[in-house]
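Okay, everyone, thanks for coming.

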Amino acid sequence: MTMKTMMRAACLAVFAALTIGEPVLADEAAPKMVSGKDIVLDRGKGNCMACHEIPGIPENILPGNFGPALAGVKERYPDKSALRARIWNEASFQPNTSMPPFGKHHILTEDEINKVTDFIYGL
Ligand code: HEC
């Protein structure tokens, strides 16, 4: 191997390390913030839209109507912890409900439920 080829190989290695390494470092430095709204809309998380109409959400194209529309929730649940309890396990209020027990069955983490509760409470 000539000196020139060795230098070229070294440069390529550095270049590759920089270009491949960069995005990983960037992701670690700035973790994505997931909002309550993100969790509500995420089909793999809350998927609340499958059963509830949520007014004011532009993504709200074809909401389900299994459950009541989640509007004016604050008036119906002045106590936010009462709202959270329903999201945690609706079955303790309506034993035959089809709503998944998000907290009881660990579908969402406690922190995710807090974010969802805050978002729904503000509707
Ligand atoms: C599979 C359908 C389904 C999904 C998914 C679902 N729900 Fe429900 N939800 C219901 C039904 C049905 C009720 C009404 C209780 C009953 O009679 O079963 C309900 C009731 C509620 C209530 C209390 C009723 C009220 O408005 O007074 C809240 C709050 C609620 N859901 C929030 C949510 C949130 C937030 C999500 C997403 C994290 C969600 N639901 C996901 C079906 C669902």
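So, the ligand. There are 24 residues around the ligand, and the closest are Gly46, Cys48, Cys51, Gly67 and Thr97. Keep in mind that this is a predicted model. What sort of residues make up that shell, nonpolar, polar or charged? We get 14 nonpolar, 7 polar and 3 charged.

Which helix gives the most to the shell? That's helix 4, with 3 residues. Helix 4, residues 80-88, and helix 5, residues 110-121, each put at least two residues into the shell.

Okay, stepping back to the whole chain. Of the 123 residues, 15% are buried. And if you take contacts with a separation of 6 or more, 44% of them link residues 24 or more positions apart.

Now the core. The largest nonpolar core has 14 residues, and the ones with the most contacts inside it are Val40, Ile54, Ile87, Leu108, Ile113, Val116 and Ile120. Helix 2, which is residues 36-41, helix 4 and helix 5 each give two or more residues to this core. Helix 5 gives the most, with 4 residues. As a general point, nonpolar side chains in soluble globular proteins tend to be buried together.

Let me stay on helix 5 for a bit.

Which residues of helix 5 are buried? Those are Glu112, Ile113, Val116, Thr117, Phe119 and Ile120. Looking down the axis of helix 5, the buried residues fall within an arc of 165°, so they line one face of the helix.

On the face turned away from the buried side, helix 5 carries Glu110 and Asp111, which are exposed. And what sits over the buried residues of helix 5? The cover includes helix 2, helix 3, that's residues 73-76, and helix 4.

Last one, Ile120. Leaving out residues up to four places away in sequence, Ile120 touches Leu70, Val73 and Leu83. Okay, that's me done, so over to you for questions.

Terms used. Residues numbered from 1 in each chain as written. Predicted model: local features only at pLDDT ≥ 70, side-chain atom pairs only at ≥ 80, totals over all residues. Buried ≥ 20, exposed ≤ 12 C-beta atoms within 10 Å, placed from the backbone. Contact = placed C-beta atoms within 7 Å. Near = placed C-beta within 6 Å. Nonpolar A, V, L, I, M, F, W, Y, C, P; charged D, E, K, R; others polar. Core = buried A, V, L, I, M, F, W, Y, C linked by C-beta atoms within 7 Å. Arc of directions from axis to C-beta.
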